Amino acid sequence: MITLTAPAEDQFKAPSPDELFTFSPIINGVDWFTKPVLLALLSSVVVIWFCWAAFGSPKIVPRGVQNVAEYGYMFVRDQVARPFLGKDADRWMGLLVTLFFMVLLWNIMGVIPVVQFPVASHIAFPAVLAGSIYVLKVYLGIKHQGAVGYFKNMMFPPGLPKGIYLLLAPIEFLSNLIIAPFTHAVRLFANMFAGHMLLAFFSMVGFWFLFEKLTPLGAGVGVVGVIMTIIFTGFELFIQFLQAFLFAMLAAMYIGGSLHAEH
Amino acid sequence: MMKAATLLAAEEGSNPLIPHTFELVVGIFSFFVVLFVVGRLLVPRIQKTLAERTDAIEGGIKRAEEAQAEAQNLQKQYREQLAEARQEAGRLREEAREQAAQIRAELREEAQAEARRLVDAAHAQIEADRQAAFTQLRAEIGRLSTDLAGRIVGESLEDEARQRRVVDRFLDELESSNAQAVR
C-alpha cells in the first residue's frame, strides 16, 4: 500500500503488512525472541496447563474445567476423528486434539485484548504442523499400503477408462504430494493474516478519526471503524475456530486416506 | 554474523510466505512438547475415563434393568399367589356351603324320620286302642244284645253256644258293612 505521493503527516494511512507482521526482538540482542515466538511458547504452555488441569486426573463425573475440555475433546472426536478415521479414531485422538487445541489457541491470540496477534499468521507455525502431518501421511501411506501400492492407489484409482490416467495420474500426484501440504498450511496462515489485517485496519480507522485527529466530518468514519472492529472481532473469532477445526479435519482426512486406500 | 541474521530476518519479514528459521524451530519445539504432554500423556487418561464412564452408565442401566425384571418377577409371583389364595378361599367357601347343605339335608331327613316314627307310633297306638275298644265293645254289644234279645224273646235263647254263633254272625256282618262304609 505504497502511494506514489508521500502521505502528509495528518493524513490517515492504512497499516501495511510490514508494520503489522514484522517485530523487533523483545530483548535487545536476542534476535529470535520476538512477539510471535513468545506467543507460540505461551500458547503451548496454556494448552498444556489447560489439558493438565482438565485431564490430569480425570473424574468419572466431570467438574469445572474438565467439562469444558471434554466438550472440546468430544467435538474433535465426533466431528473430526470419527467421520474420517472410523474405528481408528481413538488411536489418533492424541494428535488431533493437540492440533485442534494448539491451532485454536494460536488463532485466538488474535482477539485476546493486549496480546492481539494470531500466531498462525506467521507462515512458519502452520508450516510446521502441516509439514509434520505431511511426513506422517506419507509414512503411514507407505507403511499401510506399501511403497508401490501407496502411489498406485493415489495416482491410479481403479475403475476408470485407461486414457483418463494419462491426465489423472500427474494431477493426483501433484495435488496429493505437493499442493496438499502447501494449501494445508497456507489456508490457515492466509485466513489469520487477512483477519489480522482487517481488524488492524478498522481499529486504526477508529483510533485515528476519534482520538488522533478528531474532526466533525471524520467522527462518523471513526464510529463506523469502531463498529466494524467489534463486528469483525466476532467474525474473526468464528473464523479462528473454523480454521482450527478445518486444520484438524484435513489432518484426519490425510491420515485416514493413508491408512486405507481411497475408493 | 549477528548483523547478517538481523538483516536476513528483516528481509524475510517483507515476504509473509517465507518462514523465519527461528520460528520454525520454536514451532517444531512447541508442537512436539504439546504433542507429547497432551497427545501422549493426557488424552489416553481422558479416553480411559470416558470408557469407564460409558461402562458405569451401561452398568447402571443394566443394574436398573435387572432390578426392574426382578420387581416384575416378584409382582407376578405375588399376583399368582394372590390368585391362588383367592381360588383356595373360593374353594373353601364352596366346600363349606356344600357341607352346610349336606348337614341341613341330613337334619331335615332325621327330623322327617323322627316325625314319621312318631306318626307311625301314634297310628299304631290308635290302631291298638281302636282294636281294644272294638274288642271290648264287641263283647259288650254282644252281651247287651243277647240280654236285650233274651229279655224280648225269652228263655229260648239261653243256650250259650247258639247265642254266641248268632252274635258273631251278626257282628261279622256288621263289621264288613262297616268296613265297606269306611272304605
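Helices here are DSSP runs of H or I with at least four residues, strands are runs of E with at least two, and both are numbered from the N terminus. This is a predicted model, in which local features need pLDDT of at least 70, side-chain atom pairs count only at pLDDT 80 or more, and totals for chains, interfaces and linings use all residues. Residues are numbered from 1 along each chain as its sequence is written, while chains are lettered from A and ligands numbered from 1 in the order in which they are written.

Start in the loop between α4 (89-108) and α5 (124-145) of chain A, where A:V114 sits. A:V114 is not a glycine, yet its phi is positive, about 75°. Most residues other than glycine have a negative phi. A residue is buried if 20 or more other C-beta atoms, placed from the backbone, lie within 10 Å of its own, exposed if 12 or fewer, and partly exposed in between. A:V114 has 5 such atoms within 10 Å, so A:V114 is exposed. A:Q116 lies in the loop between α4 and α5 of chain A too. Its phi is positive as well, near 45°. A:Q116 has 16 C-beta neighbours inside 10 Å and is therefore partly exposed.

Now turn to the interior. A nonpolar core is a set of buried Ala, Val, Leu, Ile, Met, Phe, Trp, Tyr and Cys residues joined through C-beta atoms within 7 Å. The largest one holds 62 residues, and A:L96 and A:F100 touch the most other members. At least two residues each come from α2 (35-55), α3 (65-85), α4, α5, α7 (162-212) and α8 (216-259) of chain A, and from α2 (21-153) of chain B. The largest share, 13 residues, is supplied by α4(A). Contact means C-beta atoms, placed from the backbone, within 7 Å. Beyond four places in sequence, the contacts of A:L96 include A:V76, A:V80 and A:A248. Another core, of 6 residues, lies apart; A:L199 and A:W208 are among them.

Next comes helix α6 (residues 147-155) of chain A, with A:Y150, A:N153 and A:M154 buried. Viewed down the axis, the buried residues of α6(A) fall within an arc of 100° (taken from the directions from the axis to the C-beta atoms), so they line one face. Their cover includes α5 and α7 of chain A.

Finally, confidence. pLDDT is the predictor's confidence in each residue, from 0 to 100. Chain B averages 84, and 88% of its residues reach 70 or more. Within chain B, helix α1 (residues 2-14) is lowest, at a mean of 47, and α2(B) is highest, at 91. The model scores ipTM 0.87 and pTM 0.71.

Note on methods
Contact = placed C-beta atoms within 7 Å.
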